Amino acid sequence: MSKTRPVSILNINRKGGHESIKSNHQQIGVVVDGDCPSSEQFLITSGHLKLFDEKHHWLITSLSSTVVNKFEKVALSINADIQIAVKNSTTQNWTITDIYNPASEYGGSLSFTKIGDYSEGRGYNARKKEATYWTRKNMTGVTFKTMVVLLAPFEGTLDEYLHNEDNRNVNTFNRFQHKLLCFCRDYYNFTMETELGKSWGYPYPNGSFDGMVGAMERKLIEFGSSPIFVREDRAKKIDYGRNTWSWKAGFLFRSPKSRTSIEIFLKPLATSIWLITALFAILSIIILKVVTTFERKEFHESVETSWSLSAVFTLGAFCQQGSPSVPRMVCGRITAIFIFLLSVIIYQFYSASIVSNLLIKPTYKIGSIKDLVDSPLKVGCEDIIYNKDLFEHTSDKILKELYYKKIYGKGNTSHFLLPQDGVNLVRDGGYAFHIEVARAYPIIEYTFSDEAICELQELKLFKNTDLYTTYQKGSSFRNMLETCFQRIAEHGILYREIKYWHPRKPECIQSSKSFLTFHVGLDEFYPALLILLFGILLSLVVLAVEKHVKMVKSRSKQTFLKLRENIIPAGFLFRSPKSRTPIEIFLKPFTTSIWLITALFALLSIVILKVVTTFERKEFHESVETSWSLSAVFTLGAFCQQGSPSVPRMVCGRITAIFIFLLSIIIYQFYSASIVSNLLIKPAYKIGSIKDLVDSPLKVGCEDIIYTKDLFGHTTDEDARQLYQRKILGKNNNSNFLNPEQGLKLVEQGGYAFHVETATAYPIIEESFAEKAICDLSEVQLFRTQPMHANFQKHSPFRDMFDTCLQRLAENGMLFRERKHWHPRKPECIQSSRSMSFHVGIEEFYPALVIFLVGVLCSLIILIGEKRIKMIQEKQLFSKKKQMVFPFVE
């Protein structure tokens, strides 16, 4: 023998022989004299030391066939490589027999197979023609103990739950792994006794493990039915096998806004523009002050020349409110004209920026864990063992900062949530939740709106991690099961099961991105309210100051005045219907809270104006109208960009007016932006199923063809039956069964869904539909796309002949070519046809007319009431005059 192949001759009666067999060589051959009296005990000890494995190749020689009986008490497994050579005393040839036991530890029985012979003339002639685990795949039903980890609760028995594939998003990869083992169970003909575990295996302080890893460490189970992460401490206790599942997890969150509410109001114009605008406004106020002062001297009129009036005039112009008066001199009017021109230009740029910000909100980019720590988002994690273990043992500083800054709470549980609760917080916005995506995707698909799905972002805490099969340390069945998993992978079964068990990521439907609708809430709107509130408080302070100053002046004047006088996707085709009613178009731009707060501030403004005008009337002894209706007209006129019939004379009133103008211009911007977005890109009513079609406002019809009527006549689908009874069935059962041209014409007009074969419909649509109508087109299938088959007489002798021909057509690509030629293509939506033009009709506009009509009717009713009250008052006055007695005057 060469030096690379050393040979040792051992006496099995001496101690230490097994230590030589357990050497570190890759492959070891062992030849044993089976007729030796101590050979049986030697074989039994070798079995206990697990020396009958893939590494050790055994040859047992004997002169008697009874040598096989010495293996009755030997611990053997399916991976044993043992050959017994028995000499034939007659022919002097040796018969070679392969011997193994599928699993002697679990009650398996010995199996013998003759594989060849040996003779001096032919030599050693014993070769296995097939793979070991293929020939030994019948394990005779031995039972293995295993454990599956299921943290989420379930109903029924464990076995029933593992074989039930409902709610695949719960305990996903554990049930997936168990199903793979069931394939191997059927392949090798063994059975499994499965236990329920509550932990994959984490170390105790003494170094031992709990859960599934601990059960394998203590030899309680042979292998695990749940795949787990590879960890160094676990690898010392168990053996890892093939990776079967890719564990994908990360933080899910909706893209936060990149701007604060203050920035929305200030960013439309650069700082330099704001400063220049303020400078020009101050300059305009000064010029108007000079002009009004000169006019007063020139024309000797009672022209007010106060600074506050000039400020009201200028800021009113910038807020599109008009002016209470116009300068008489040409220089003043030129100033007013250019103030108006500057204000309208600034107004256009400012409103356009507000619209763009609300239509396409810039997002806050979060690309790393550090960004997440610094973001305004709240953070939580799925309440599961490995998440807590990760944060407790990580050495990453950023992860520790994230944990202690945003996740850690009282009892270390406040931000560890159930998947449903965490994903619901993500849907509401402002929250990032760490969860396995296979658990989250189904919840997202069923509960999130299309807009929320499009805004969804993922941030991985770590790379996708593979989960591996696990076995007892030194398990004899590891290679057997690994061979099975390899066969499953090679035949595509593993890929199919992964695709079946791992839910797809919810798709962002691109058309939903065109739904540029929005709701303005307090988060965006509060700066405008703060401005108004500041103005109201300032006006009240100034009012108190003016009142105090007036009282001081009146006291100093009282003695002097007293000297003078007392003065005081076959399917249904339809155009996407609108998702909003006209009333919603008028009301939805603002949330309910904004409408209520705006109404509250409007009432507060009316009250303050009422107080100010009342005080002015007493103060200046002028015929100043102080009615509630005038204050209401002033306030609502400002909100409707109509200017004001008069301006308060006192500074406090003018401050109130200025801040009412500022609030009204901001509200006007947001409101008009929402109306614009709704008219430019009208959100579509989402119809994705037959149930949605039943509940929609669309009328429904079907192609007048036999199989459609037969389908509705015999279907057991409740939604289809309800659709037929509520929307299709008519007198004589044919009122909504139309020919394709008639049905598609109704589809083009809108408000109608028509069931027709797409091959029939597409050419008609392409020839007769406008481009906009094609872009609005949607499809809903009544049933899945059905293949149609060639047909023959029963037991026709020509069936196989024609099938062979059709198969050749398919293989040569002719079938695909003909199908593509005969089946018309789907009409394409040309994106350029999605123009931003629109027509406002009665359907969109009638709520405004209703509001106007209600106002007219209210005014008429109040007019009649006022007329009636006036007549009663005049009648009472006339009766009083009639009763008066006048003395005779000569």
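**View 1. Phe 144 and Phe 477, two buried residues.** In this predicted model, both Phe 144 and Phe 477 are buried. The structure holds 17 aromatic pairs. Phe 144 and Phe 477 form an edge-to-face pair, because their planes meet at 65 degrees, with the ring centres 4.6 Å apart. The cut-off for edge-to-face is over 60 degrees. This pair links distant parts of the chain, 333 residues apart. Phe 144 belongs to strand β7 (residues 143–149). Phe 477 sits in the loop between β16 (465–472) and α18 (478–490).

**View 2. Phe 173 and Trp 200, a stacked pair.** The two rings lie 6.0 Å apart, centre to centre, with 25 degrees between their planes. Phe 173 is in helix α5 (residues 172–188). Trp 200 is in the loop between β8 (191–197) and α6 (211–217). The pair therefore ties together parts that are 27 residues apart in sequence. Phe 173 has 5% relative accessibility, so this residue counts as buried. Trp 200 also has 5% relative accessibility, so Trp 200 counts as buried.

**View 3. A cluster of aromatic rings.** Ring pairs join Tyr 106, Phe 144, Phe 190, Phe 223 and Phe 477 into a cluster. Look again for Phe 144 and Phe 477, the edge-to-face pair.

**View 4. Lys 137 over Trp 134.** The charged end of Lys 137 sits over the ring of Trp 134. The distance to the ring centre is 3.6 Å.

Key
Residues are numbered from 1 along each chain as its sequence is written. This is a predicted model: local features need pLDDT of at least 70, side-chain atom pairs count only at pLDDT 80 or more; totals for chains, interfaces and linings use all residues. Side-chain values use heavy atoms; hydrogens and water are left out. Rings of Phe, Tyr and Trp (its six-membered ring) pair if their centres lie within 6.5 Å; planes under 30 degrees apart count as stacked, over 60 as edge-to-face and the rest as tilted. Helices (H or I, at least four residues) and strands (E, at least two) are DSSP runs, numbered from the N terminus. Buried means under 20% relative accessible area, exposed over 50%, partly exposed in between (1.4 Å probe, protein chains only). A charge sits over a ring if NZ of Lys or CZ of Arg is within 6 Å of the ring centre and within 35 degrees of the ring normal.
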